[in-house]
Amino acid sequence: MIEKLNILREKAQSEINVSNDEQSLLKVKSTYLGKDSEISSIMKQLKDLSIEEKKQVGQLSNEIKNEISNLIKEKLSIIEANSSKKISFDHTMPVSDDTGTLHPITIVAEEVVKILKKMGFIIVTGPEMESDYYNFEGLNIAENHPARDMQDTYWLENGKLLRTHTSPCQVRAMEKYGAPLRIAAPGRCFRNEDLDACHENTFFQLEGMVIDKEVSINNLIYVMKNILKGIYNKDVEVRLRPGFFPFVEPGFELDIKCPICDGKGCPTCKNSGWSELCPCGMVHPKVLEASGIDPKVYSGFAFGIGLTRMAMFKYNIADIRVLNSGNINSLKQIGIE
Ligand code: PHE
């Protein structure tokens, strides 16, 4: 038996040596280590041997089995390493000119950011997983305030939430930098919405905030018009309607004269000639105070541009779901150069 085992050992070794792919190695494995292998039938006969022989043959069988299994493992890992080397990135390959484009939302975000940077804004970010304090409390939205109902919130098991807007970045920036302040914070937001052509549970906003001495609504309108001029390459008429948000007073909804029909009326503006683009307002004194800024010395304004909406206007996209779908064909149809 010992002799037989030694022959098997040599045979297995030489078969492993000449096997150069995964399939043949697996075959060697089943031949020598499988249920019907000769080694396993030797093991089955152990019970008929004397104690001394049992010990010798058993030990040797185990030794050989381990050896074969290790050799196969080693060889397999060499084969795997070689095959991943073969598909590694070849930077001398010519680049296809069908490499895709930036996403429409990224494009509008970059455009707005560029314009705001010129006006002295700094770009900040905040976490998508937020605390109740930054998303609500620090923005003057107390625990039982009905304004929370407007923002169907995804609460997480750890007590935090997925931010429902980019406004928490206002609070974080005020705490970090104090006044005066000019920040822009683009980012992803989440609300528990049922999906349809106009509603998404994941969308993008860009928060803007200016705090300084003697800041007025006129400054807000100027900044907004400047952004729109940069985006649409022409003066865009705006109007302000009252709007309620606990963290601004007064609060507004800023409408733009519909950039698609130029105010004449079309399906996008529901024939009104105006499209809602951006809630905004003068920062509520309580919000300034909560973040350590003296509202008697400083005032400010804030706005939340709907980047998703802006991209839909810009590229005439009727269904919001296209934007997060990852559907390259739909995105291609948008016709970004
Ligand atoms: N964060 C508000 C929302 O998403 C919008 C907003 C931003 C309103 C800034 C006023 C000022 O509902």
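Reply: Let us begin with the pocket. The largest share of the lining of the largest pocket comes from strand 8, which gives 7 residues. Strands (E, at least two residues) and helices (H or I, at least four) are DSSP runs, numbered from the N terminus. This is a predicted model, in which local features need pLDDT of at least 70 and side-chain atom pairs count only at pLDDT 80 or more, while totals for chains, interfaces and linings use all residues. Residues are numbered from 1 along each chain as its sequence is written, and side-chain values use heavy atoms, with hydrogens and water left out.

Me: What volume does the largest pocket have, and which residues lie nearest its centre?

Reply: Rolling a probe the size of a water molecule over the atoms shows where empty space is left. On a 1 Å grid over the protein atoms alone, a pocket is an open set of points where a 1.4 Å probe fits, with protein on both sides within 12 Å along at least five of seven lines; lining residues have an atom within 4 Å of a point. Grid points are joined across faces, edges and corners, and the volume is the space filled by probe spheres set on them. Here the volume is about 1,400 Å³. Of the 49 lining residues, Cys198, Glu276, Leu277, Gly306 and Arg309 lie nearest the centre.

Me: How many salt bridges does a search of the whole structure find?

Reply: Side chains of opposite charge can pair when their charged atoms come close. A salt bridge is a side-chain nitrogen of Lys or Arg within 4 Å of a carboxyl oxygen of Asp or Glu. The search finds 15. In one of them, Glu111 pairs with Lys314, with the closest N and O atoms 3.0 Å apart. Glu111 belongs to helix 5 (residues 104–118) and Lys314 to helix 10 (residues 307–315), so this pair ties together parts that are 203 residues apart in sequence.

Me: Is Asp255, which meets Arg239 in a salt bridge, buried or exposed?

Reply: Buried means under 20% relative accessible area, exposed over 50%, and partly exposed in between (1.4 Å probe, protein chains only). Asp255 counts as buried because its relative accessibility is 2%, whereas Arg239, at 33%, is partly exposed. Their N to O distance is 2.8 Å. Asp255 lies in strand 7 and Arg239 in strand 6, 16 residues apart. Salt bridges that share partners join Arg239, Arg241, Asp255 and Glu276 into one network.
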